[in-house]
Amino acid sequence: MAPHTTASETALAGLREDLAGTVYVPGDPGYDEARAVHNGMIDRRPAVIAQCAGPADVSNAILFGRETGLPIAVRGGGHSVAGASVVDGGLVVDLRRMHAVVVDPEHMTVRVEGGATMSHLDRATQPFGLATTGGRVSTTGVGGFVLGGGSGWLERKFGLASDNLLAAELITAEGRHVVAGPEENPELFWALHGGGGNFGVATSLTLRLHELPHMSFALLLFPPRSGPAVLRAYRDLGARAPDEIGGGVIYFPAPPEPFVPAHLVGQLVCGALVTCAGPVARVRGAAEPLLALRPVVEVVSDVPYADLQCMLDDPPGLRNYWSAEYLSGLPDEAVDVFAARGERVPEGTATQHVLFLMGGAVAAGPSGYPQPWRTAPWVVHPFATWEDPADDGRVVQWVHDVRTAMRPWTTDAVYLNFIGEEGERRVVAGFGEENLPRLAAVKAAFDPDNVFRLNHNVRPAA
């Protein structure tokens with residue numbers, strides 16, 4: 001007599017048959033590798049991982065999840081530091097095999113599949129001398145980055161990544177394929193400019209490209225005690241900088257790079273990074289006030305944009321905890337508080353204490369999208385990474401202390417891609433309270449049952 005087959009086993013057999021990609025369940029060879037995520041703090045065991053090979057697989061996987069009642073997490077190509085891309089006892093719809101990039105240099109556009117990283121995108125567009133705003137590291141996933149708004153080195157010149165979104169293809173909670181653009185499903189298209197993965201699984205995005213014949217940067221390292229002077233000089237530089245100039249100030253342990261003297265490696269430094277969507281002479285001119293402060297390390301160079309994107313990559317598997325505060329200004333008192341917190345970066349970790357320059361095309365761009373943070377001139381981004389679980393408490397507390405210390409100058413609005421699970425109030429701050437009813441209406445139209453809820457969630461309107 002044949003053994004009894006449960007409904008879930010039948011459904012799983014059907015999923016394996018339907019998918020061109022690969023299905024993993026606990027105990028399968030490759031399962032542990034498939035469930036591992038960038039953040040070493042996240043250790044979850046999904047019931048099923050569906051590594052999709054194309055949109056039809058995504059549709060079949062979603063329908064399987066709904067039929068079996070499994071909670072559904074969606075995994076793009078990048079970090080998902082908060083762990084939203086993997087769920088205990090649920091289904092992971094994994095897009096990482098879907099990373100094709102098709103460049104159309106004639107029309108200055110690029111079509112990117114939902115599982116691609118910035119490296120896939122930037123390496124494909126660079127031979128044409130073209131680029132679009134990407135994340136500040138090469139391992140960022142394009143899909144989540146763009147749909148969350150998309151803040152990066154080129155934003156002051158070319159706008160946020162979402163400002164360059166021309167069209168998106170999604171699979172809905174009902175397994176349907178939909179296209180969103182200015183003319184087709186325009187309300188959904190609006191919601192995708194900052195609303196994240198609430199409305200469906202993005203299987204491809206079409207983005208506007210820009211000519212970028214030159215990229216350059218200046219990286220200047222100073223002892224931490226010079227931080228207040230460096231920050232003031234950078235603040236004044238930022239106030240008058242043309243849009244092609246970007247970057248920020250970063251407290252971090254000096255890396256073991258050839259340009260760093262051996263005695264500085266691993267020591268806390270205050271770094272000033274000036275990026276330029278132009279030739280090296282222009283970035284050197286912009287950085288003159290910083291160069292006058294006599295850095296202990298000075299690197300000023302042309303660089304291919306895709307290589308610049310790799311400069312701050314952090315390796316997978318470290319423990320990560322990030323947050324952010326968007327500032328209304330940077331008076332001297334805020335400078336001093338930021339510098340004081342920078343000097344307290346947790347020792348023995350790879351943590352970075354970052355101040356990014358915004359403005360330019362970000363602030364001047366479209367004001368109607370659910371991105372209330374885009375008008376802030378500065379953002380503080382405590383970016384904690386470390387190895388030892390015993391350090392969890394002190395490192396996470398340092399991030400909280402940074403946020404508390406900067407509170408007098410914050411706007412309350414926040415870019416949700418920079419934070420993890422910080423409560424409902426922060427989600428509202430990320431979308432803007434005035435935008436929530438409209439977002440909820442779009443959610444009700446495309447995901448009325450809130451299937452895609454493992455995210456900074458928008459609940460569907462009743």
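**Legends to close-up views of a predicted model**

**View 1. The whole protein.** Of the 462 residues of this predicted protein model, 57% count as buried, meaning under 20% relative accessible area with a 1.4 Å probe and protein chains only. The protein has 16 helices and 19 strands, which are DSSP runs numbered from the N terminus (helices H or I, at least four residues; strands E, at least two). Its radius of gyration, taken over C-alpha atoms, is 22 Å, close to the 23 Å that the globule rule (2.2 Å times the number of residues to the power 0.38) gives for 462 residues, so the protein is as compact as a globular protein of that length. Residues are numbered from 1 along each chain as its sequence is written. In this predicted model local features need pLDDT of at least 70, side-chain atom pairs count only at pLDDT 80 or more, and totals for chains, interfaces and linings use all residues, while side-chain values use heavy atoms, with hydrogens and water left out.

View 2. D104 stands opposite T109 in β6, and among the four residues between the strands, M108 takes a positive phi near 60°.

**View 3. Strands at the second largest pocket.** Strands β12 (216–222), β13 (245–253) and β19 (378–386) each supply at least two residues of the lining of this pocket, and the largest share, three residues, comes from β13; lining residues have an atom within 4 Å of a point of the pocket, which is an open set on a 1 Å grid over the protein atoms alone, where a 1.4 Å probe fits, with protein on both sides within 12 Å along at least five of seven lines.

Key: Two strands pair if DSSP finds at least two bridges between them. Buried means under 20% relative accessible area, exposed over 50%, partly exposed in between (1.4 Å probe, protein chains only).
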